[in-house]
Amino acid sequence: MRKTAKEWKEIYSDENFDRTFTYEKPDLGAICTEEGTSFLLWSPFAKRVRLFLYHDGEKGSAFRSEEMSREEKGVWAYRTKEELHGVYYDFEILMEGETVRTADPYARACGVNGIRSMAVNLKRTDPEGWEQDAAPKKAEEDVIYEIHIGEFSWDESGGFPEEYRGKYKAFTCSHTTLYQDGIHPTGLDYLKDLGVTYVQLMPAYDYGSVDETKEDGEFNWGYDPVNYNVPEGSYATDAKNGEVRIREFKEMVQALHKNGFRVIMDVVYNHTYSLDTWFQRTVPWYYYRVHENGETANGSACGNDVASERSMCSRYILDSVLYWAKEYHIDGFRFDLMGLLDVELMNSIRKTLDEKYGTGEKLLFGEPWAADDSPMEKGATPALKKNIGLFDVNVGMFCDDTRDAVKGHVFKGTIPGFVNGGKGLEENILRSVSAWCGEGSPVKAPSQIISYVSAHDNWTLWDKLSITTPDQEKRMKENRLAAAIYMTCQGRVFLLSGEEFARTKEGQENTYNAPIEINRLDWKRAYEYRSLREYYKGLVGLRKKLPGLCDKSENAFTRIRKTWNKDGVVSFLVDNQDTEHPSRWKTLYILYNSSEKEVSADLPEGTWEILADGESSSGWTEPKTAEGSVKAKPITALILGQKGV
């Protein structure tokens, strides 16, 4: 008789289980080299395991099967001196009197739709020059630009070759232009001009919500993991050849690095596409949280929660992150629903990355929330916003308080924020400047904060403002003010691709599986809304010259002083001096005016240069001066700098 989820939970909760079955060697999965191939599977309660080998990743019968041997800690193994590169495989497991067929949870390659795993000699997938590939030197500030691989190049306006639209290979295309006009840059040239330093890729591991056998017609953001350590096949030019997706992913990273961008990967370790996974088939209910009554936990609102606090699950996640960092040269990780993972795991990942690559060299941050409570075991502490004081200082989180204070309630469209008519938000805006993120969240330093107003979730900034502000001219002012606020907050700067050209999804709030026509990046808007884009570009360029705002140290908060506010108006001074990164301006004066009246403000003594106002953010290249007082037009931000002696 098969055990229930509750019965399995009792087994795994016994400390004897960890002592008996925790396996710490880094050789699980299929490891293939010129010297041979090994297949190791962790399945402690299996009575027998057979390995099946195939020539095809989807169809046909096995051409060979091998009995696997039980080794230490519940691991089953088969080893051969053959280099089985390109051979597909799966396992047949006898457990609880029944047999089940499963692919490999530790697979590094797979066939179409991830049905069968594939042995791969990873050296054979390296593009030319891969060994020399390295991240570019860190810029003065981290400016993170969120991109969906399919959305980025799908639209004809981007000027990408038709066969590469929506694919990894699009990132390897040089000097793309609007409709191939040879004049207006798109793609990576456009991002360089904007000033982006990090490209954050929405999920690019193998996910289950898109059929890779179809050429087009399906779309999803990809928050539905199947094979965590394999690139998604729908972005490859050939999803049926398991080697192609690996090589093309590496070519994408290589191209981004060559063009001056670091690469962040959006990872989703908190839940899986379904409960019928390779995890569940090999070690039933070990990788999933279950309530005391036996019900499946659903703090993700996606049907299940991964049990990150269990030793082999924690190890899996850590090893997976390290694998992407080493094999694919990924420079940072954004954790989806990080609040469903535990603090100990996040700090362990941070510590291990620091040991291997240098302190803070790899970015690490996530969403410090969950859809609901999740029954963690072993006294684990969830990685929620309220627990940020327990995080390593270089584990960061998105600041939803800043986001909502600036533009309004994230779920209730008609509730405005500071820039679009909200009242009584001045103190929240002031606190956001110094990387505050809500009551009860003791932030250690700005290194822990992602300052932003829009991401893939919910309405785009432009669409949110459209709900509260029908008048487009006024909305444009609000958009500029919103950008000026979060780009003058401490923390790291983050924006959704296209925010800078009023990206719209036709008013739809949640487009995770909407048609690509709704989600695609419309490059025409980059030139239709040129003035807005230039404003963003100016802010990004200015930000990099302001060490007082870029400072991520624990003492950075002390730079903000002489704060002042009244209804609809906020102002403050910033100590902008820095010995390591000297600036032209020793002090900054910043004012946000969200009111519909012109505001006059007295300036501290001395001569000030106007670096940005509501119409231009590139005044710092040829600044105008002001003394005594300054006037801020309605719904605008002013940024001034006082030259050093």
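Asp276 forms a salt bridge with Arg281, with 2.9 Å between the closest N and O atoms; the term stands for a side-chain nitrogen of Lys or Arg within 4 Å of a carboxyl oxygen of Asp or Glu. Arg281 is partly exposed because its relative accessibility is 23%; on this scale buried means under 20% relative accessible area, exposed over 50%, and partly exposed in between, with a 1.4 Å probe and protein chains only. Before we go on, please keep in mind that this is a predicted model, in which local features need pLDDT of at least 70 and side-chain atom pairs count only at pLDDT 80 or more, while totals for chains, interfaces and linings use all residues. Residues are numbered from 1 along each chain as its sequence is written, and side-chain values use heavy atoms, with hydrogens and water left out.

Another salt bridge brings together the side chains of Arg310 and Glu377, at 3.1 Å from N to O. Arg310 sits in the loop between α6 (278-282) and α7, and Glu377 in the loop between β16 and β17, so this pair ties together parts that are 67 residues apart in sequence. Helices (H or I, at least four residues) and strands (E, at least two) are DSSP runs here, numbered from the N terminus. Both partners lie inside: Arg310 is buried with a relative accessible area of 2%, and Glu377 is buried with 12%. In total, the structure holds 50 salt bridges. Arg2, Lys3, Glu96 and Glu98 are joined by such bridges into a network.

Now step back to the chain as a whole. It has 16 helices and 27 strands, and its C-alpha trace spans about 85 × 55 × 45 Å along the principal axes. The radius of gyration is 26 Å, which agrees with the value near 26 Å for a compact globule of 645 residues; the radius is taken over C-alpha atoms, and the globule rule is 2.2 Å times the number of residues to the power 0.38. Of the 645 residues, 61% count as buried. If we take contacts (heavy atoms within 4.5 Å) between residues at least 6 apart in sequence, 73% join residues at least 24 apart.

What does the interior look like? In the largest nonpolar core, which has 154 residues, Trp42, Leu191, Phe333, Phe335 and Tyr592 touch the most other members. Helix α7 (residues 311-327) gives this core its largest share, 10 residues. Such a core is a set of buried Ala, Val, Leu, Ile, Met, Phe, Trp, Tyr and Cys residues joined through side-chain atoms within 4.5 Å. Beyond its neighbours within four places in sequence, Phe333 is in contact with residues including Ile264, Val321, Trp324, Leu363 and Phe365. Another core, of 20 residues, lies apart from the largest one, and Ala30, Tyr78, Phe91 and Cys110 are among its members.

Within it, strand β16 (residues 363-366) and strand β17 (residues 396-398) pair over 2 bridges in the parallel sense. Phe365 has Gly396 in β17 as its bridge partner.

Finally, turn to strand β6 (residues 75-80). This strand is largely enclosed by the rest of the structure, because 5 of its 6 residues are buried. Strand β2 (residues 36-42) pairs with β6 in the antiparallel sense over 6 bridges, and Phe39 stands opposite Tyr78 in β6. Strand β5 (residues 69-70) is also an antiparallel partner of β6, over 2 bridges, with Arg70 opposite Trp76. In the hairpin of β5 and β6, 4 residues lie between the strands, and Lys73 takes a positive phi near 60°. Glu82 counts as partly exposed because its relative accessibility is 34%.

Conventions:
Two strands pair if DSSP finds at least two bridges between them.
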